[in-house]
Amino acid sequence: MTWFPRTTRLSRRAVLTGAAAVAGALTTGGLTACGPGDKTNAPGTTGADELKRALPKYIPSTSVTPDIPSVTGAAGAASDPAFLSYPANPAQTVAAKPGAGGVFSTRTPLWGAIPPSSGNTYYDAVNAALGSTMTMQPADGNTYVDTLPALFAAGKLPDWLQIPSWGNQKLNLGTAVEQFVDLTPYLSGDNVAQYPNLANIPSAAWQAGVWNGKLYGIPSFSSPNNFPGYLFYRKDLLEAAGVSPDLKSADDLFAAGKQLTDANAGRWAFDDLWPFLLFPYGVVSTWNPGPDGKLVHQYETDGIVEAMSFAARLAKAGYVHPDALAGNTGNGQQRFWSGKVAIGAGGTGAMDGDDHKGGTAANPAYSRQLVKVFSANGGTPQIQLGPGAGWFSYLNRKLSDKQIREALAIANFLAAPYGSKEYLLVNFGAADVDYTMTGGNPVLTQRGSKDVATSYQFLVSGPQVSLVKNGFTQVVQDYAAWQADAVKHAVRPMFFAMNVTEPAQYASIGQQVEDTIKDVRSGRKSIDDYRAAVVAWRKQGGDELRKFYEVIREKHGTGQ
């Protein structure tokens, strides 16, 4: 599963795309398995008992109290705590400079303009507080994972490297992880207590960083409600059209399409809703237990057929924007902001003040809202829950013990919780230079907008919170309310939080099916064409892949 963080300046809406996010991927977190019938411990394999021994103990911080507390939901899900203003007297969580004068090279992804490396007031302020020099080298997030294999092959890994979970298979991380530091002796169990801010990251968030029974990864952007995304709507447009936002079934969604579409006026009800249209149809897991005991892939479920059929129905009715039908995702945000579409889909990180600032620039009445989780047939709603974290950084094994301990002390500083002095510095830079406090919240200055970028946070960050951006407190309240409801309907997919690396021969067998899905939901092909593609998928390796996962289920369980 591809997950994108809700950071202060990185929105998932910019990078979350289609079936790569849901339809053809697995939630991950702690296990790399071997091939069908293999009974050995292949590289990466971690059993449940080993996992418990490797994970750090969770010691929650009480240094800051949120304005809107977290709400506990189903399947271990919980809403993020929310803050409407930054505490007037931020807590200090690290007493002294953590660094010992060391110099560390890093590499992290970035979606946006790369800031200057020299003369950067933000980097200078953070490094001064750390007492070490972190050479920040953010790289284009769109091609980031593609650049990593060459670094591994050449043995030119930096001291500290971010690897998003969707890059694990490409890098064969179950084996490649041996090039990084085994952090188990430093952080497992009570060992993490010497790093209070790292201990404040829940144990479940560390799970996908465990390989071969050892802890290697340091998590970023952890959250107990890592939903991949859902449906959005323009509240202002629905109200103007007299359409209720209380959409409780597929019939309600279709009826809204009819009311909202006026092609002659250049307005359509929907953008591309795939793959998040799968959730209302109960498709929340790649693999599922079948009635005969064998595993059933989502390609073989009735739910995906019903979801495709409904998408095709919307397309044939003329309710979907033509550019969306043509696969033009590049200007989807502009379509939503400009009101050319009223209902879209994407990562939930789009519910933030940056989006609201852009939307109200186009229309002062603009209001993005998330559709409440619903079932297509009006039954029990479901939404897929992701693992506690999907972003991990790793320390180069060439570092000495002294350097490792210095890096972990730095990580403890960088992981300071929202509301602390350290968080303010790491996320906004130097006061009155990179940011000023406006309306109770930090706002970047012109200099800060140039120099400050999400970089240190990709090395490690504390648990996520909902926070005010650009002064839009109502956005935070709306998002917190949606989360509080959504977590009630969370469902763990099969093999939840298990880091499964599939054999390379299965990497592309689903492409024909995915291409056919696009054609079916746009009305260019039929369900019969889809069924034929699934038959071909089984013959090309789908049935062997099923056996592969049945071995995992037998040996390691399902993550439930």
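How many helices and strands are there in the protein chain? There are 20 helices and 20 strands. Both are DSSP runs, numbered from the N terminus: helices are H or I with at least four residues, strands are E with at least two.

This is a predicted model, in which local features need pLDDT of at least 70, side-chain atom pairs count only at pLDDT 80 or more, and totals for chains, interfaces and linings use all residues. Residues are numbered from 1 along each chain as its sequence is written, and side-chain values use heavy atoms, with hydrogens and water left out.

**View 1. The whole protein chain.**
Along its principal axes the C-alpha trace spans about 65 × 60 × 40 Å. Of the 560 residues, 58% are buried. Buried means under 20% relative accessible area, exposed over 50%, and partly exposed in between (1.4 Å probe, protein chains only). Take the contacts between residues at least 6 apart in sequence: 80% of them join residues at least 24 apart. A contact means heavy atoms within 4.5 Å.

Helix α10 covers residues 250–260. Its buried residues are A250, L253, F254, A256, G257 and L260. They lie on the same side of α10, because they cover an arc of only 160° around the axis. The arc is that of the directions from the helix axis to the C-beta atoms. On the other side of α10, D251 and K258 are exposed. What do the buried residues of α10 pack against? Their partners are β9 (230–234), α9 (235–241), β10, α11 (302–316) and β13 (341–346).

**View 2. W268 in strand β10.**
Strand β10 spans residues 268–270 and holds W268. Is W268 buried or exposed? W268 has a relative accessible area of 15%, so it is buried. Leaving aside residues up to four places away in sequence, W268 touches several others, including L260, T261, Y319, H321 and K340. V305 is 37 residues from W268 in sequence, and their C-alpha atoms are 24 Å apart in space.

**View 3. Q92 in a loop.**
Q92 sits in the loop between β1 (82–83) and β2 (103–110). Its relative accessibility is 48%, so Q92 counts as partly exposed. Q92 touches K421 and E422, not counting residues up to four places away in sequence. G419 is 327 residues from Q92 along the chain, yet their C-alpha atoms are separated by 9.2 Å.

Most residues other than glycine have a negative phi, and most peptide bonds are trans. The peptide bond from W274 to P275 is cis, with omega near 5°. P275 belongs to the loop between β10 and β11 (287–289). A75 has a positive phi, near 55°, and is not a glycine. The loop between α2 (48–54) and β1 contains A75. At 32% relative accessibility, A75 is partly exposed. For N212, also a residue other than glycine, phi is positive, near 55°. N212 lies in the loop between β6 (210–211) and β7 (214–215).
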